[in-house]
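Dear colleague,

Please find the structure below, handed over for your use. My findings follow directly after it.

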Amino acid sequence: MSEVLRLESRGPDETRVIGAQLGALLGAGDVVLLQGELGAGKTTFVQGVARGLGYDGAVSSKSFVLLGEYAGRVKLYHADLYRLDDPGQVA
């Protein structure tokens, strides 16, 4: 049986802190999938994850570019797939 971890944030700064804490724990090969409505804070969370991985540059929404790559302690790939209609389009 899998465990569920629920984290709540009261705003963007807290969301980044939670992301940074997770980022500090991640290693090569780990995969994190985020799902939520537009404006839910996914990119804000990824900004925190990037900080936790040691990346200090800008992390932006991938609304117009499907994939962003950020180099920190390990590489972070930030993909935004909401515009795709079919899983086969990922390839």
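The structure holds 1 aromatic pair, where rings of Phe, Tyr and Trp (for Trp, its six-membered ring) pair if their centres lie within 6.5 Å. The rings belong to Tyr55 and Tyr70; their centres are 5.1 Å apart and their planes stand at 55 degrees, so the pair is tilted. By the convention used, planes under 30 degrees apart count as stacked, over 60 as edge-to-face and the rest as tilted. Tyr55 sits in the loop between helix 2 and strand 1 (67-71), while Tyr70 belongs to strand 1, so the pair ties together parts that are 15 residues apart in sequence. Both Tyr55 and Tyr70 are buried; buried means under 20% relative accessible area, exposed over 50%, and partly exposed in between, with a 1.4 Å probe and protein chains only. Helices (H or I, at least four residues) and strands (E, at least two) are DSSP runs, numbered from the N terminus.

Please note that this is a predicted model, in which local features need pLDDT of at least 70 and side-chain atom pairs count only at pLDDT 80 or more, whereas totals for chains, interfaces and linings use all residues. Residues are numbered from 1 along each chain as its sequence is written, and side-chain values use heavy atoms, with hydrogens and water left out.

I turn now to the helix packing. Helix 1 (residues 12-25) and helix 2 (residues 42-52) pack at an angle of about 40 degrees, and their axes are 6 Å apart. The axes are lines fitted to C-alpha atoms, for helices over the stretch in contact, and angles run from 0 to 180 degrees between N-to-C directions. Helix 1 and helix 2 are therefore oblique to each other; angles under 35 degrees count as roughly parallel, over 145 as roughly antiparallel, 65 to 115 as roughly perpendicular and the rest as oblique. Their crossing is right-handed, a term that applies if the near helix is turned clockwise from the far one by less than a right angle, anticlockwise being left-handed.

On the side of helix 1, the residues that meet helix 2 are Pro12, Thr15, Arg16, Ile18, Gly19, Ala20, Leu22, Gly23 and Ala24. Their partners in helix 2 are Thr44, Phe45, Gln47, Gly48, Val49 and Gly52. Contact here means heavy atoms within 4.5 Å. The residues of this contact divide into 7 nonpolar, 7 polar and 1 charged. In that division, Ala, Val, Leu, Ile, Met, Phe, Trp, Tyr, Cys and Pro count as nonpolar, Asp, Glu, Lys and Arg as charged, and the others, Gly among them, as polar.

Helix 2 is mostly covered, with 9 of its 11 residues buried. The buried residues of helix 2 pack against helix 1 and strand 2 (75-79). One of them is Ala50, which has a relative accessible area of 0%. Leaving out residues up to four places away in sequence, Ala50 touches Tyr55, Val59 and Leu76. Gln47, also in helix 2, is buried with a relative accessible area of 17%. With residues up to four places away in sequence again left out, Gln47 touches Arg16 and Val59. The C-alpha atoms of Gln47 and Gly23 are 9.6 Å apart, although 24 residues separate them in sequence. Helix 2 is followed by Gly54, whose phi is positive, near 95 degrees.

Two further residues deserve mention. Thr15, in helix 1, counts as buried at 14% relative accessibility. Not counting residues up to four places away in sequence, Thr15 touches Ser9, Gly41, Thr44 and Phe45. Between Thr15 and Gly41, which are 26 residues apart along the chain, the C-alpha separation is 7.5 Å.

Ser9 is found in the segment before helix 1 and is partly exposed, with a relative accessible area of 33%. Its contacts, apart from neighbours within four places in sequence, are Glu14, Thr15 and Ile18. Ser9 and Gly41 are 32 residues apart in sequence, and their C-alpha atoms are 9.7 Å apart in space.

Yours sincerely
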